[in-house]
Amino acid sequence: MPNIQELQRIASQVRRDIIRQVHYATCGHPGASLGCTDLLTALYFEVMDHDPSFNMEGKNEDLFFLSNGHISPVWYSILARSGYFPVAELATFRKLNARLQGHPATHEGLPGVRIASGSLGQGLSVAIGTALAKKLDGDDKLIYVLTGDGELQEGQVWEAMMFAAHHKVDNLVAIVDWNGQQIDGPNDEVMSLGDLPGKWKSFGWEVLEMDGNNMEEVLTVLAQAKSKTGNGIPVVILMKTAMGYGVDFMAGTHHWHGKAPNAEQTEIALAQLEETLGDYTYPYAG
Amino acid sequence: MNNSITSNNTTMLDKLVSTGKKSTRDGFGAGLHELGKTNKNVVALCADLVGSLKMQKFIDDNPERFFQVGVAEANMMGIAAGLATAGKIPFTGTFANFSTGRVYDQIRQSIAYSHKNVKICASHAGVSLGEDGATHQILEDLGMMKMLPGMTVINPCDYNQTKAATIAIADHDGPVYLRFGRPGWPMFTPEDQKFEIGKALMLNEGTDVTIFATGHLVWNSIEAAKALAAKGISVELINIHTIKPLDEEAVLASATKTKCVVTAEEHQMNGGLGDSIAQLLSRKLPTPLEMVAVNDSFGESGTPMELLDKYGMGVNDIVEAVTNVMKRK
């Protein structure tokens, strides 16, 4: 049985890491990082069978792909806290000569990252490629891929959705961070996504929905999703989150999509997030 | 001395005869078919152009290792990047236009920057695709691909060389752009010739001028060299099948010897082979140079030979470029 409280304690520290990375870098994307913290905590600390000693091919492991690469602060914290690289390295986020690039990359050899992302719309295709390889290899582990909701405005995602249904890519769980916000404002003002569940269904996917900021529900729905794999139908979870979840003045607005808090704002934010695993220090000591 | 060189030239040039016509895309199909038998990690993807890319034999033998993607090239590049991440060697097949310009960002981020072992196999490059016209006649692909850090760019000249190149790139670790074409084209590369990535091929030794040619224009350059030999001009002819990495040593050695250079390619002047060689020579060995290529223009409908002539890539254009560059020595 997963210990919900323990996962929530990890998530609190991860949210502190997000705020501190972005503050110290003076830039980055805290909003959806905070919103997706519970999902990534659940995946890496409970759901996925993965190996932090990291090899690129990831045979016989569950794999995770972050398509909306701008929420790198949450992924970096999760990877560090689950042992892929030293937690202290979070102090190098967006700095010169660092492995923690503004958007995730393989180029500097950061363990845990299997492909660059940031230019949106590409991750579902990549995830499908790895899912096909697992089928060819007789590897029964699963692929998880997270995309943003604004990202669904990219046409390539719909190409990939069509492909997954046609080719019965049923060893993959896609998750959409359905926070309703994007850089220029709410999705409904920028470019309405319309009937999102209906669209995925009509493209041949099994559609689940969940509250992505309720740890218990996240675990339940991820388990449901897993139970629906292997049936010849790809599975998607439309995950309702609040952008900026966990910090009152950042929550539910697009204003903190890509903005760093100043010193005072950082202090206010951190006061709302319990330090549970120990903060790293900055500057980076090397 | 001059006589012996001339007779030697004649011998080398004489050996460069067409043994018949087959398309370079047929060479790709044959190479891929071969790879299907020899390398179990090779997988193939196609965006609704199986017939055009000659991929059917691979598919017949290896249905489980082929993925039809439909008319969705961006998705194809992403899936290929994923397959490569998991240790497969994906070969993507579509027209050169849809293999590059249409999917440049997918290649840049998911393949080149991420250093994925994807082989981007691109047919119907250049004006020699003919009647379909300029929408499909990409002339900028070599430039786009060679600008990407870590990308290997290959443009073989005939059926056998394309087949050999297709087989060779499977053993190269890293992204490769392999460019070939539609029309039946004279074959002259020996069937057993090994393909060495990045190694220029000396086709004819000469003393008066060097022609560096790539792709279909290697054959046109052979014909030009023969015409020039008849006028007593000794042409050194080098096949640059690998645009990147460029065999700088071979280029510099030949330019040092002949002291004037012509480049020949079925591509825009901007960004192509001539551009790479001009850049190298101006940095290390300033040398008079003329380019046989398309001069900042789109193509149009017509037969391959009509188009190559109209857009300045015929045999006569190469002869004229040689004549002009020799005056500048």
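Which residue follows α11(B), and is its phi positive or negative? Select B:K259: this residue comes after α11(B), and its phi is positive, near 65°.

Before the next stop, some ground rules. This is a predicted model, where local features need pLDDT of at least 70, side-chain atom pairs count only at pLDDT 80 or more, and totals for chains, interfaces and linings use all residues. Residues are numbered from 1 along each chain as its sequence is written, chains are lettered from A and ligands numbered from 1 in the order in which they are written, and side-chain values use heavy atoms, with hydrogens and water left out.

**Stop 1: the helix**

Select residues 248–258 of chain B, helix α11. Helices here are DSSP runs (H or I, at least four residues), strands are runs of E (at least two), and both are numbered from the N terminus. The buried residues of α11 are B:V251, B:L252, B:S254, B:A255 and B:T258. Buried means under 20% relative accessible area, exposed over 50%, and partly exposed in between (1.4 Å probe, protein chains only). An α-helix has 3.6 residues a turn, so residues three or four places apart point the same way.

What covers these buried residues? Show β10 (209–213), β11 (235–239), β13 (261–268) and α12 (273–284) of chain B, which are among the cover.

**Stop 2: a loop residue**

Now select B:I197. It sits in the loop between β8 (184–186) and β9 (201–204) of chain B. Its relative accessibility is 28%, so B:I197 counts as partly exposed. Leaving out residues up to four places away in sequence, B:I197 touches B:T152, B:I154, B:A168, B:I169, B:H172 and B:T242. Contact means heavy atoms within 4.5 Å.

B:I197 and B:K22 are 175 residues apart in sequence and 22 Å apart in space, C-alpha to C-alpha.

**Stop 3: all of chain B**

Zoom out. Chain B has 14 helices and 14 strands. Its C-alpha trace spans about 60 × 35 × 35 Å along the principal axes. Buried residues make up 62% of the 329 residues in chain B.

**Stop 4: where the chains meet**

Show chain A as well. The contact takes 29 residues from chain A and 26 residues from chain B. The two chains bury about 2,200 Å² between them, 58% of it on carbon and sulfur atoms. Buried area is the accessible area (1.4 Å probe) that two parts lose on being put together, summed over both. Finish on A:Q122, A:L136 and A:E159. They supply 23% of the area that chain A buries against chain B, more than any other three residues.
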